[in-house]
Structures are given as structure tokens and as C-alpha cells.
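Dear colleague,

Please find below the structure that I am handing over to you.

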Amino acid sequence: MDRLLLVNAALATMANGVLPGAAAYGLMNRAAIAVEKGRIRWVGPTEEAGAFPDFEKRDLEGRLVTPALVDCHTHLVHGGHRAWEFEMRLKGATYEEVARAGGGILSTVLSTRGATEAQLVKSALPRVDAMIREGVATVEIKSGYGLDIDTELTMLRAARRLAKERPIRVRTTFLGAHAVPPEYKGSPEAYLRDVCLPALDAAAEERLIDAVDGFCEGIAFNPDQMAQVFARARKHHLPVKLHAEQLSNIGGARLAARYGALSADHLEYADAGDAAALAQAGTVAVLLPGAYYTIRESRRPPVEAFREAGVPMAVATDCNPGSSPLASLLLAMNMACTLFGMTPEEALAGATRNGAKALGLKDCGVIAAGLRADLAIWDVEHPAELAYRIGFNPLRERLFAGADA
């Protein structure tokens, strides 16, 4: 609908965030939102909503409205599953042991290479639908399970198609530097030269990507190798992101900061110096408790150091077939609180305002005039309930660019 007026709502605008002295959650009671042509035209007290007599009025009877959720880190396009690895880890194998034995990412590579674009879309849709049902309106999707030029491009095309199949906004990220494929075992430099960088060029030329990512870790690529990928991204005027400091600290977070990355993700082994570098660069720390939980990590990211340095923290599902088979951003928010010590307000900011920032988006993630009318309406009394409940979805309605969806 072109004109909609929501009245008698409790708004968690997230516009004020956690600034000292600001209302928690940017909360406004007995508030109203005027929506026109997919954008928020006005936000204010319900008593002043009479200025929009021609808008279709909807009384929310005190329900909570938040920005629609943003899942800023996923790998949800892939072939196959890795339930057997779940069993393996339960028997004592570590993430690194599984990867070095030929499992992990490389297992999914074989399944993904054998899938068509249509098959990848079909298998991803149930995961997308689960996210939509929980109020997600924007999702980031990475490549990285092809590790050859053709499959990387196929994954990205499949990710783009999901936005045509469902009312959801998709941001695509090139992750060719995810792992070294079997045919290049022991030769990461050759893989970068022959496959990863040409695939990045091809994806950029086809306008299939919004950002470039990599896995900077001992079992993947070192900072010098990742710098080659980032330098190529710069030539295409593409922002960068980085999987950094998940299993060890080899300098990934500081590399991300040097390149002004949108985000550095995982960060379990980051330290105070990394936090300072990320803060200075304006880089978002994306926390991924689903992976921490699934692979039973024991070292959690330095949330307090991020707070002290003023690093924005986002929360995402890391939805993937191996280390985080999680499609619930609400559960990720709960995990961020219970496992990482974030507050419910920080978790909600992480799944809205800071999630948008981690994708370089300035038109969503908060409730404010001029932004997209991507909104979530919840049957809850307080915003903290969104991170508090486990396995319960209180979403009543989701608006996507102002339309019921």
C-alpha cells in the first residue's frame, strides 16, 4: 500500500542506541509512523498523527515495532549438509582436525560444485523463509563454496535470485578466499592467482557482488595473501570484510582496519589492540555466537574491550552447513547475551542498526524519517523479550518497503 499510518505503537527506533543519557532502545511510547511509497515519512506521537488523514490507519494497540532485522553474515547458499561432521565433533574432533582431514569447507565445496543454480536456489529458500518469519528484511549471502570460477559465479547468481523469489533484500559478498581447494593443496598463492582473483574480476564485471571477504586464519589465508585480495577489491571500488581471529590471532583484524573494512567477523581471539584499531577505522565487529556454540569454542570475543573502544557490535547467524547451521537471528541474539555477555539492547542494535552498518547500508536498521519502511511488529511488552525468549517467535507482522510481507 502507498500510504499507511501505524498508531498506538511502542517504537524501539534504535536511532539513539546506547549513547549515554539516551532513552534505551530509542524507545517511544504511544508513537506513530507514517509510511509512504515504501519509505518512512514521519515518526512522532500518536496525538499528532492527525496530520495524515488520507493514510490508511492501523491501530497497533501498544505492540512493539522495531526496524526489521538485518542478518549481516550468512553462507546460506550451498549444496548438501554436514550433519556427519556434527557427529564427528561430538566424538571429540576439533574444527581444525575436521578441516585438515578434508572435511569442513571442502566437503561443502564438492556438494556445491555438483549443484545447478536452480538447485542452489531451491535448497536455500527454506532457510530464507525461516529468516523472513522472524522479521529479517535484509540478509547478506557469501560465495566461497565453489572455489572455482564457474561455481563461485553460480553461487552469486543464485543469491541474487533469492531476492526475486522472496520479499527480502540480499547483499552479496565474494568469498573466493575461503579455503584452498584440493586441486591447489599446499599452493594458496597459485590458487589466488589462477582462480580467486580472476573470479573476483568476473563477479565484479557481472555486477554480482556488493563486497569482498576472506578467511584469514592458519588453515586458510595469511594477512599478506588476504592483502592481495583486498587490493584487487579496491581496483573494483568494492568494500571489504574479513573473517578474522576466529581460531587464533594472526593479524586479520588489524589488516581489516588498515583497509577500512566494513566489518571484521568472529574475533574470538582479538585483543584490546585489535579493538582500538577497529574503532579508529570505523569497522564493525560482527559476533557470531552460532559458530562459537556449534564448534564448542572456549574463548569468547572481547566484548568489554569493544565496548571500551567504542567498536560497533553486530550479531548475525553465520548460517552455514558446518560450523553454524543456524537460521534464527532471534536465537543468535539470545546466544550473544548468554554466551558473550552482550546486553539485550546491544543484541537488538547488533541485529538492526549495526547489522546495517556492517553491510554499508544507511537506509535501514533504524526507524527514522526518510529510511526504508522495513519494520517488524512484535507481540511483546518490552524489547528485551526479543533476546530473552528461546525457541519462541513473537513476530506478528513484517513490513517490507512498507508492504505486508
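This is a predicted model: local features need pLDDT of at least 70, side-chain atom pairs count only at pLDDT 80 or more; totals for chains, interfaces and linings use all residues.

Eight strands make up an open sheet, and their order is β6-β7-β8-β9-β10-β11-β12-β13. The pairing in this sheet is parallel. At its edges are β6 (69–71) and β13 (313–315), each of which pairs on one side only. On average, neighbouring strands are turned by 25 degrees against each other, with direction ignored. Helix α7, residues 223–235, packs on the sheet and touches β8 (169–177), β9 (211–216) and β10 (241–244). The direction of α7 makes about 175 degrees with that of β9.

Helix α12. This helix spans residues 329–340 and is mostly covered, with nine of its 12 residues buried. The buried residues are Leu329, Leu330, Ala332, Met333, Asn334, Met335, Ala336, Cys337 and Phe340. After α12 comes Gly341, which has a positive phi, near 80 degrees.

The largest pocket. The space in the largest pocket amounts to about 480 Å³. It is lined by 23 residues, of which Ala99, Arg100, Leu106, Val180 and Ile219 are the closest to its centre. Helices α2 (95–100) and α3 (105–113) each supply at least two residues of this lining. The helix α2 gives the most, with four residues. By class, the lining of the pocket comprises 13 nonpolar, six polar and four charged residues.

The cavity. How many cavities of 30 Å³ or more does the model contain? The count comes to one. The volume of the largest cavity is about 100 Å³. Its lining has 13 residues, and those closest to its centre are His75, Tyr95, His178, Asn320 and Ser323. By class, the residues lining the cavity divide into seven polar, four nonpolar and two charged.

With kind regards

Terms used: Residues are numbered from 1 along each chain as its sequence is written. Side-chain values use heavy atoms; hydrogens and water are left out. On a 1 Å grid over the protein atoms alone, a cavity is a set of points where a 1.4 Å probe fits but cannot get out, and a pocket is an open set with protein on both sides within 12 Å along at least five of seven lines; lining residues have an atom within 4 Å of a point. Grid points are joined across faces, edges and corners, and a volume is the space filled by probe spheres set on the points. Ala, Val, Leu, Ile, Met, Phe, Trp, Tyr, Cys and Pro count as nonpolar, Asp, Glu, Lys and Arg as charged, and the others, Gly among them, as polar. Buried means under 20% relative accessible area, exposed over 50%, partly exposed in between (1.4 Å probe, protein chains only). Two strands pair if DSSP finds at least two bridges between them. Axes are lines fitted to C-alpha atoms, for helices over the stretch in contact, and angles run from 0 to 180 degrees between N-to-C directions. Contact means heavy atoms within 4.5 Å.
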